[in-house]
Amino acid sequence: MRNTGVALQLAAVTLLSSLVSCVAPQEPEVARRSALGEPMNGFPTAAERLGIMAINRARSDPQTVKGASSASYPARPPVLYSYTLSRSARFHATSLSLTNVTLMHPSPCVLNTNVATANCTGDPACACATAVPAMCAACATVPATPTCGTDPFVRIGFFTAGTTTSANGEVAAAGYADPIAVVDGWMDEASGADGHRRNLTDQGITSTTMGYGHSQGGCFSTFDVSDSGNMTGAMIPKLPTAAVRAPANNAAGSYTFYATWADPAMGAPASLNVVIDGACTAMARELGSDTLNATYKAAATLAAGCHNYFVVARDAAGAMLTYPTTGAISIPVGSATACATDFLTTAPAASCAGDGGVPPPPPSDAGADRAGGSGGATGAGGTNGAGGARGTGGTSGAGGAPGTGGASGAVGGAGAGGSAAGAGGANGGGGITGSGGAGPTTDSGAGGAGVSGGCSCDVRGGSSSSIASGSLVSLAFLFGTRRRRR
């Protein structure tokens, strides 16, 4: 049975040194540093590209991208897209879809150890060494820390082995409309029960690179997974990520384009444009700081058919940068549209390329920095003209609306001490038992690989009387640390 609700999970753990000390160069990641944003072996999809962009957007201003009861955390630098971690994340999302299980961090079956080297997609035919246990199959409700199959960091280790990338955390979600909504759900959590938000904003762990995986179908309409970690020698470029958010079903209409800018030395770009079918549209700063992590945004109306886009910027010294490094990304608009390729190796000429680009409009908070009016001319009697008035301050953009919350559904109910995830993630009155059966609020797990003393799990659900049954939400948070003496 398909669950029409929404679910979220997070694990933030630090691995044993035996899993993170690999220093061998890994060609795909090295290639991605010099060919930024260009697809490789089908990675990333449009949804996965938007997922990483959404994470960098959230990191650019966590004090805006939050729920009404969320803790305020400082902005963080953008992360690099990781091909390696995206392989692991998509593998897990696909595995959850195709094995017809609920949301969980462990794999639904014991995995073959060659899933990464054999390029297994997550299909159980190549992924599973043993069958999915009956207690985990057919969308069954499972404990907060199920023992269905392979530990999540063993699975991630299959993909990071022999690379310069190490993993330190994972967040997962199910049933959301698109990656922007997914990341908003992770970021809207209430203070004290905000494991996903802490993971994405470097509270307790620090990440320089993340991967994102997306799949459709199974017990939920969608599964989204992001694996985080660090890459040896990672250097954040000035234009690290960009993506487009499409309307539902890629319908013709308004499309929103996003880009990340970070220039610690020179700050704001001289120009930053999204180039759609060769035509330049200036992007305005939506969130963040240009010296640390800024999100730029523009909207354009697209008719049905195949379109393409890339982002072009010039830094304060006039140097040009593009995302992707070369080429342009295809956008199929309209449910019946199928583009011949998802990537053009040669981008169309940009209408703004010859004049240095179109300067971005002032950001919404830049009013106080605008120049004053011009002074009046000296009159015949030699009197000075009046000084010009200072520009008025711009208004801040409105914060995103909190996601809906509610009781846990088929993914498992909350026990006493739970809290509602709705209305900005405010604490509820202790949680209720969902249709999947009650579970303990806090369990001590049996310590997986690299986890000291097991994990502490908290499953939360709100009252089903306050929301529609088709919008049920269940949250779970898992946390562990490196083995050490206390």
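Analyst: Glu48 is buried, at 0% relative accessibility (buried means under 20% relative accessible area, exposed over 50%, partly exposed in between, with a 1.4 Å probe and protein chains only). Glu48 forms a salt bridge with Arg90, with 2.7 Å between the closest N and O atoms. A salt bridge here is a side-chain nitrogen of Lys or Arg within 4 Å of a carboxyl oxygen of Asp or Glu. Arg90 is buried too, at 17%. Glu48 sits in helix α3 and Arg90 in helix α4 (residues 83–98), 42 residues apart. Helices are DSSP runs of H or I with at least four residues, strands are runs of E with at least two, and both are numbered from the N terminus.

This is a predicted model: local features need pLDDT of at least 70, side-chain atom pairs count only at pLDDT 80 or more, and totals for chains, interfaces and linings use all residues. Residues are numbered from 1 along each chain as its sequence is written, and side-chain values use heavy atoms, leaving out hydrogens and water.

Helix α3 also holds Arg59, whose partner Asp202 lies in the loop between α8 (195–200) and β4, so this pair ties together parts 143 residues apart in sequence. Arg59 is buried at 1%, and Asp202 at 9%.

Elsewhere, Asp227 and Arg155 meet at 3.4 Å, N to O. Asp227 is in strand β5 (residues 222–231) and Arg155 in helix α6 (residues 152–160), 72 residues apart. Both are buried. Salt bridges also link Arg57, Glu286 and Lys297 in a network. The whole structure has 11 salt bridges.
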